Amino acid sequence: MKYILKMSKRSLQASEQGIQEAKKAFNRTGLTQQQLANEVNCKSRQPIWKFFRGQPVESQIFLNICDFLELDLQDIVAWQPEQKPNYTSINIDSLVQNIRAKIQPIIQQRCGTIRVLDMTQPIGLTDIYTNVNILEQITGSRRLTIANLLEGFDPESENFDRFGLSRIIKERVPGLKAVERYPKLMILGKPGSGKTTFLKYLAIQCSYGKIFTNLLPVFITLRDFAEARNETNHLEFIAHLLSNCNVKIDEIIEILKEGRGLILLDGLDEIREEDANRVIKEIQDFSSEYYQNKFVITCRIAGQEYTFEKFTEVEITDFNQSQIKSFVTKWFQVKENSEFCTSELEIAGSTAERCLQQLQSNPSIRELATNPLLLTLLLLEFEDAGDFPSNRAELYKQGIATLLRKWDAKRGIIRRDEVYKKLSVQRKKDLLSQIALTTFEHKDYFFKQQTIESYITDFICNLPDAETDPKLLQLDSEAVLKSIEAQHGLLVERARGIYSFSHLTFQEYFTARKIVNSSGPKALEIASQNLVNHITEHRWREVFMLAVGMLQPADYLLQLMKQQVNELVANDEKLQQFLLWVKEKSASVEVPYKSAAVRAFYFQLGCDRYSQRNALDYCDRELISLLDRRLFILLALGNIHTLDLGLDDLLTLACDRTLKIDFPTNSPYPFKGAFFLVCERANILDPKLGKALQELKNQFPDIDADGWKFRQWWENNSQTWIEKLKLLMVEYRNIGHSWLFNKQQQKLLQQYYDANKLLVDCLHSDCYVNRQVRQEIEESLLLPKFHL
């Protein structure tokens, strides 16, 4: 029976008895509230929910519900409903303040602490919180070419900026300012970028009236809402959340009607596929009905397919150096509590400084620190050992495991919906390793979407039960790419249709992983040989370090590297003569250091004949550090303190300054002090050399007495005097030879030096290598080919 009545009231509401009758009739239909709404021509499920809660509903909809459920209007309607509080006569500001005070405890309980990964105890969120920055243009939507992205990105450069992969051109906006600017905001970000932490911070600060003082914060975890069985819409869910706070749902509704809510919806990407449509529809209805309120939703990049029409999409950016410093400092400060004494506070402060210094000196590790989640992992590692692991491969393996599985598991997300269920975590690692090696070998740090999808297609087509239809296989490849980006953030879209690894460190790690995981000894041998062919390329350095750390043992690869290093200069006779001199010269001195270390010193000393030294800066205090700043220190064999080696360097200095000297007016003749120091040292070490140098010194006119006379003497006698000095250096010390290397030889020497340095770095990393192999390699460093 269809009700046709002229109603004087614009709305009707059911009585308590009527609600019970209506629920019985509704349960008999077997429908959901949304399906009932569709049957009675409701645009949303909201009126249905209100109907069953005894709240006013538009009269025509009320009649339609009764008609559909075959209910008698007279038995259902409350013709004289109890009067509700008239909130229009109440100061809305007072209501907001009152409710906000009531919900502070539950907001603090739900949002006040964080505990991630392997933290032993929770940390106060406001204690550790670091302000986030926002990009108002989504990185993946930029219309840039690969050439644009590669500008200034040169991995072969000596001062290569590893952060260039994620270089941001657009201005960053503080996160709070973005929330203030846009009434409806969708915040996108990579996994672990700090989206949830930011939303919780907003809830806490608002609840205490420190921001948005006229709004009431409502924090909802969308995964919890989607999985709730009894609360079918946001109002019911909010009522449940606040059930212990003595807050009436009518009060919340009145606040929402007045546009005084700060609605924080966290983790749209975390809801299951079967719940997605329902949750999205509910958000759309909720934000449309209460459109005057401020809404903020968080979601992983590529984790959402639905676009909310009225929402502005922004992206949370990686940490910059200032944010990293702030986070690290707060991390160690939070360990300080009121029971700590002053000395313990000082220790905590020095620990933060030491950690920051370690990050600064390890660019590949510091690169990971731009992600708050990975930075937390790094700090947990540093906290345990007081340093970062020397085996970086193991550290990166942990970081990747965190992104692939551990991060979700720690937050109770048992599984996300796999778009390609045959691709396990292990298979994803294998896939990423294949992509990394292929792109790294081709120097592709950025790659087009169709290119990477073709790599994915080549990989997944061999999996069990893979699609054979090319079109379906292509769709699967696209889905896998989006899944890896959204769920793990290991591949990211840098511009429209252009992807890269989220960190160059991960591309290097997966490249090394592919090499060392080659199937069978023969395949590993071929892969290792291909790797050592890149030993002179700076961009492969980290791959070598990682591969050596992964291999158990690393004997074969290290021996192969040593062989390749020797081949660099094996066919150049002049360079072989130079190495022979290095060997003979190092053998002629008696010092308590390994022979390879002394050879490293003389190698550098001989090469430094071509460098521009500044005698004014060359004083005793700095002498030790200038003898060899690189390879010698890396050998970890201590500082050079002997007069024997120090004299050789001073002699070289004197010759260098003499050969390059010019005499402007009022010149202080900077070589004078250095040469006199040479004479003094030589007399102590070798009286014969000291006497010969003194005789050479006595040929100088008195510089201080008559500078003009000295200048005239120098112009007439300098060449002869210099030749005598060089002959003395060669005769007594076997140094000062004029090797006259051409540009190609100088380049080869530099490559040879850098390759030896890489080999030594690998030896002194946390790699597993046979003791005899290690000794053989160290003892044969920097030797000519016939003496290896």
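**View 1. Asn 371 caps the N-terminal end of helix H18, with a side-chain oxygen 2.9 Å from the backbone nitrogen of Leu 373.** The model is predicted: local features need pLDDT of at least 70 and side-chain atom pairs count only at pLDDT 80 or more, while totals for chains, interfaces and linings use all residues. Residues are numbered from 1 along each chain as its sequence is written, and side-chain values use heavy atoms, with hydrogens and water left out. A polar contact is a pair of N or O atoms within 3.5 Å; within protein, one must be able to donate a hydrogen and the other to accept it, and residues adjacent in sequence count only if both atoms are side-chain atoms. Helices (H or I, at least four residues) and strands (E, at least two) are DSSP runs, numbered from the N terminus. The 14 residues of H18 (residues 372-385) should span 20 Å at 1.5 Å a residue, and the end C-alpha atoms are 20 Å apart, which agrees; the expected span is 1.5 Å times one less than the number of residues. Gly 386, with a positive phi near 75 degrees, follows H18.

**View 2. Helix H18 is mostly covered, with 11 of its 14 residues buried.** Buried means under 20% relative accessible area, exposed over 50%, and partly exposed in between (1.4 Å probe, protein chains only). Among the buried residues are Pro 372, Thr 376, Glu 381 and Phe 382.

**View 3. Leu 728 lies in helix H34 (residues 707-733).** Because its relative accessibility is 13%, Leu 728 counts as buried. Beyond its neighbours within four places in sequence, Leu 728 is in contact (heavy atoms within 4.5 Å) with Leu 689, Ala 692, Leu 693, Leu 696 and Arg 733. Leu 696 is 32 residues from Leu 728 in sequence, with a C-alpha to C-alpha distance of 9.7 Å.

**View 4. Three strands form an open sheet in the order S12-S14-S13, with antiparallel pairing.** S12 (447-448) and S13 (491-495) are at the edges with a single partner strand each, so one side of each has no neighbour in the sheet. Two strands pair if DSSP finds at least two bridges between them. S12 pairs with S14 (residues 498-501) over 2 bridges, and Phe 447 has Tyr 499 in S14 as its bridge partner.

**View 5. Strand S8 (residues 216-221) is mostly covered, with 6 of its 6 residues buried.** Leu 216, Val 218 and Ile 220 point one way from S8, and Pro 217, Phe 219 and Thr 221 the other way. S8 pairs with S9 (residues 261-266) in the parallel sense over 6 bridges, and Thr 221 is opposite Asp 266 in S9.
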